[in-house]
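Below are a few exercises, each followed by a worked solution.

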Amino acid sequence: MAANTLNDNVTMPASWRAKAPILAAVGFCSVLISLGLFHFGSSSENEATGFKMFYHSYLTNYVYCLSFCLGALFFVLVQHVVRAGWSASVRRVAELLAYTIPWWAALFLPIVAVVFSDHGTLYEWSKGAGKVEPIVELKLGYLNPSWFLLRAVVYFAIWCIAARIYFRMSREQDETGSTEITLKLQRWAGPFIIMFALALNFAAFDWIMSTDAAWYSTIFGVYIFASGMLSFFAVMILTCYLMQRSGRMQKYVNTEHFHDLAKWQFGFIVFWSYIAFSQFLLYWYANIPEETIWYKERLDLSTGWRPLGYLLIALHFAVPFLGTLPRAVRRNKAMMAGWAVFILIVHWLDMTFLVMPNVGPASAMMLIGHFVCWVGMVSIFLALFMFRVGETPMVATRDPWLPDALAYQQMPM
Amino acid sequence: MSDHKPEKKAKPPRAFGWVAEYADDNKLLEAARKVRDSGYSRTDAFTPFPVHGIDEALGIKATVLPWFTLCAGATGTCIALLMQWWMNAYDYPYIISGKPFSSWPAFIPVAFELTILFAAYTTVFAMLGLNGLPRFSNPMFTNPKFDRATDDRFFLWVDSRDKYFNTEKVKSLLESTGPISVDEVREDESSPVIPKAIFSVVFLLILISLIPGAIILRMRAARSDAPRWHVFFDMDFQPKKKPQQTTTLFADRRVQRPPVPGTIARGELDLADPYYLGYDPDKTAALEIADATRMVAFKLQDPAQDPAAQDPIPAAPAEPNYAWLTEAPIEATDELFALGKKKFETNCAVCHGFGGYGDGLVSQRAVNLAQGYWLQPTSMHEDRIQKQTIGRIYYTVANGKGKMAGYASSLTPRERWAVALYVRVLQRSQNARIEDVPEPRRAEFSSN
């Protein structure tokens with residue numbers, strides 16, 4: 001397909017979509033390989049450690065991929081609730097990302113299975129009454145497999161319904177061009193945001209924070225939200241860049257939109273850093289053992305996770321902050337695509353830092369298996385996204401806000 | 001001679017170029033581009049709302065303001081971190097919440113705030129400065145048409161101070177862009193002289209502003225019997241106990257709680273550890289110390305009355321009755337023995353003699369001089385000294401007794417314990433019994 005400048009082709013290249021089944025296969029195989037690596041590489045006495053490492057790795061990478069989709073959903077909702085015009089040309093990408101959530105719900109099943117297995121492989125509390133420490137025992141009214149499953153169903157229901165409504169109605173608008181649809185979506189966005197926020201917050205508690213059931217942090221949901229949004233914007237920038245390089249979406253997405261997405265990404269770098277540091281500072285200052293234990297496991301020299309912690313300060317805050325600070329960088333599509341890749345890697349390190357130290361001290365085998373699992377899940381993510389996109393136009397060409405988006409200009413400096 | 005003062009010739013008001021008036025922003029943009037392309041750069045546009053693309057149309061370059069912000073923000077960060085380090089870790093080291101003196105996590109919030117503060121203030125003032133503000137007069141306002149600049153008219157101005165300015169050329173250029181009107185920009189005709197009244201008012205305000213400062217200075221210098229003003233009554237009189245007050249909450253009626261036994265202040269181990277003291281301070285605190293009892297009795301006496309008629313002060317004790325250590329808190333090794341011997345012979349033998357009999361060279365010399373005041377140094381082998389515990393001997397080595405000075409400044413605690421143990425060695429050597437001799441060698445010491 002000839003890529004003439006500013007053509008209005010907005011579909012995903014067929015060559016990409018052809019790779020989707022391969023990516024899916026590679027993905028699933030990689031995940032299984034990582035299971036094998038964990039199993040045979042785990043040096044300890046019992047097999048359980050291998051499975052434990054695998055499930056923690058699976059959870060980490062699952063949340064990593066799901067965070068893009070959840071960030072996408074939030075982006076769509078917010079753009080509607082504030083009646084934004086500039087994002088009309090890029091919003092469809094986010095809608096498509098969000099609409100993969102139902103398939104991710106299916107991929108949540110292994111986690112549900114291990115929770116019901118009672119062995120405490122992933123979550124200590126799943127062992128049940130009498131087998132956990134007293135403080136976790138008190139939380140078993142909330143942290144038990146049945147309620148866990150029910151809540152997960154509710155979270156996915158909220159997200160899937162929201163994603164489906166926003167995608168389907170946006171797609172319908174492609175055919176009819178009706179402004180009523182936009183008005184409806186704007187009206188419902190507010191309530192959906194509230195439900196989304198509650199679901200995300202408690203999902204963060206249930207799925208990630210409960211890996212260390214004795215510990216808690218009330219800001220944890222916000223932390224996951226911040227890191228999810230950050231990574232979503234990185235995915236967005238990267239997707240738009242790659243599409244444009246293949247000659248798609250050129251008419252509708254220009255430097256101004258990239259600049260705005262880059263600004264969002266920059267803002268969330270700062271926001272993530274703020275939240276991450278707030279959590280740390282308060283626990284450090286109060287110095288209450290019940291709260292500092294989580295940080296001690298991650299920053300003590302003996303467990304080997306401290307380098308990762310310091311790396312995050314440098315790579316998740318300092319470097320991308322200073323790197324994407326200049327306006328010129330944010331208006332450069334290629335550079336922002338590079339930074340997007342950087343952010344995505346660092347986001348994975350962040351998720352790793354949250355979950356993996358719960359398994360035990362850092363070890364090469366664990367990290368290799370974890371990396372292979374990451375490759376697998378990212379392949380699955382790409383495959384699912386491509387399956388979902390299919391032939392769908394990746395720009396909402398009859399959105400009433402589109403002229404605003406095309407005329408959008410940043411304030412000159 | 002005429003007393004008709006010659007009239008001062010009025011200076012014609014200065015001209016500042018031409019301004020063109022338009023009814024819509026697109027015309028303005030076109031005109032601006034034309035003016036820019038003709039090479040004029042000292043231009044400006046005045047519009048009721050921000051017009052997209054006007055900066056480019058006028059050829060305005062990117063501003064340097066972001067650099068001000070960046071440098072100011074970075075300065076703020078550095079100043080904040082340096083200030084906190086200096087204050088809390090160097091100048092007045094202060095323990096807050098048990099954290100290290102130089103605790104970087106705690107420094108971050110202030111650093112964040114100062115970054116924002118410096119960056120924001122600098123941005124505002126630099127922006128005003130770069131715009132040449134505040135300005136007391138702008139020739140634009142002379143023309144009443146200009147009032148509509150905030151309403152529904154758009155104005156394009158070419159400054160006469162532009163490098164390439166030429167009155168006719170600029171006028172005809174502006175007219176060719178199809179404006180509603182083109183006018184010359186003239187300075188206001190009013191006098192630029194500041195009215196005298198303003199000086200008086202400013203002077204008065206400065207005087208008034210000095211009053212609070214003067215009041216404060218006076219109050220600091222003067223004495224007053226009047227009670228303090230309490231503006232914030234419940235801040236000044238808080239429902240809490242202060243140190244040194246009494247209370248009914250605790251049995252000993254003190255507000256201050258004694259530290260938990262064994263508490264040692266930071267950096268003051270040598271005030272609390274028996275290794276440094278020679279006695280156990282916690283156990284000593286539980287004893288009735290004669291010196292303390294004397295002091296209390298002395299204080300309880302009424303200085304106005306005859307001391308003989310009041311409760312007598314107990315006699316000074318011959319020996320301080322502390323809880324001396326009975327065993328040296330250090331392992332006695334050959335190396336320690338050598339150290340103790342060396343230190344004793346260096347520091348102590350001078351007076352006490354190599355054998356510890358109090359017959360050192362100094363003492364011999366003093367006795368030869370036959371001055372009446374000389375008190376012979378104590379012999380280690382006196383019964384009294386034999387009965388002293390090792391902790392007491394350590395204490396004497398460190399702090400002295402009577403004429404003897406303390407040797408704490410010459411000997412480290414370890415050396416002091418070594419000397420004390422060597423004293424024991426000397427005592428044992430001069431007061432041994434036959435049982436102390438190993439079996440095989442006892443025969444050498446038989447009485448016959």
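A residue is buried if 20 or more other C-beta atoms lie within 10 Å of its own, exposed if 12 or fewer, and partly exposed in between, with C-beta atoms placed from the backbone. Helices (H or I, at least four residues) and strands (E, at least two) are DSSP runs, numbered from the N terminus.

This is a predicted model: local features need pLDDT of at least 70, side-chain atom pairs count only at pLDDT 80 or more, and totals for chains, interfaces and linings use all residues. Residues are numbered from 1 along each chain as its sequence is written, while chains are lettered from A and ligands numbered from 1 in the order in which they are written.

**Exercise 1.** Work out why strand β3 of chain B is largely enclosed by the rest of the structure, and which strands pair with β3(B).

*Solution.* Start with burial: five of the six residues of β3(B) (residues 154-159) are buried, so the strand is largely enclosed. Next, look for partners; two strands pair if DSSP finds at least two bridges between them. Strand β1(B) (residues 15-22) runs antiparallel to β3(B), with six bridges, and here Glu21(B) sits opposite Phe155(B). Strand β2(B) (residues 43-46) is also antiparallel to β3(B), joined by four bridges, with Thr43(B) facing Val158(B).

**Exercise 2.** Find which residues touch the most other members of the largest nonpolar core.

*Solution.* A nonpolar core is a set of buried Ala, Val, Leu, Ile, Met, Phe, Trp, Tyr and Cys residues joined through C-beta atoms within 7 Å. The largest one has 126 residues, and the top spots go to Leu73(A), Ala98(A), Trp159(A) and Ile237(A). Helix α2(A) (residues 48-81) gives the largest share, 19 residues. Zoom in on Ile237(A): beyond four places in sequence, its contacts include Phe258(A), Leu261(A) and Ala340(A).

**Exercise 3.** Count how many residues of chain B are in contact with chain A.

*Solution.* Ten residues of chain B meet eight of chain A. On the chain B side, α4(B) (104-130) brings the largest share, three residues.

Notes:
Contact = placed C-beta atoms within 7 Å.
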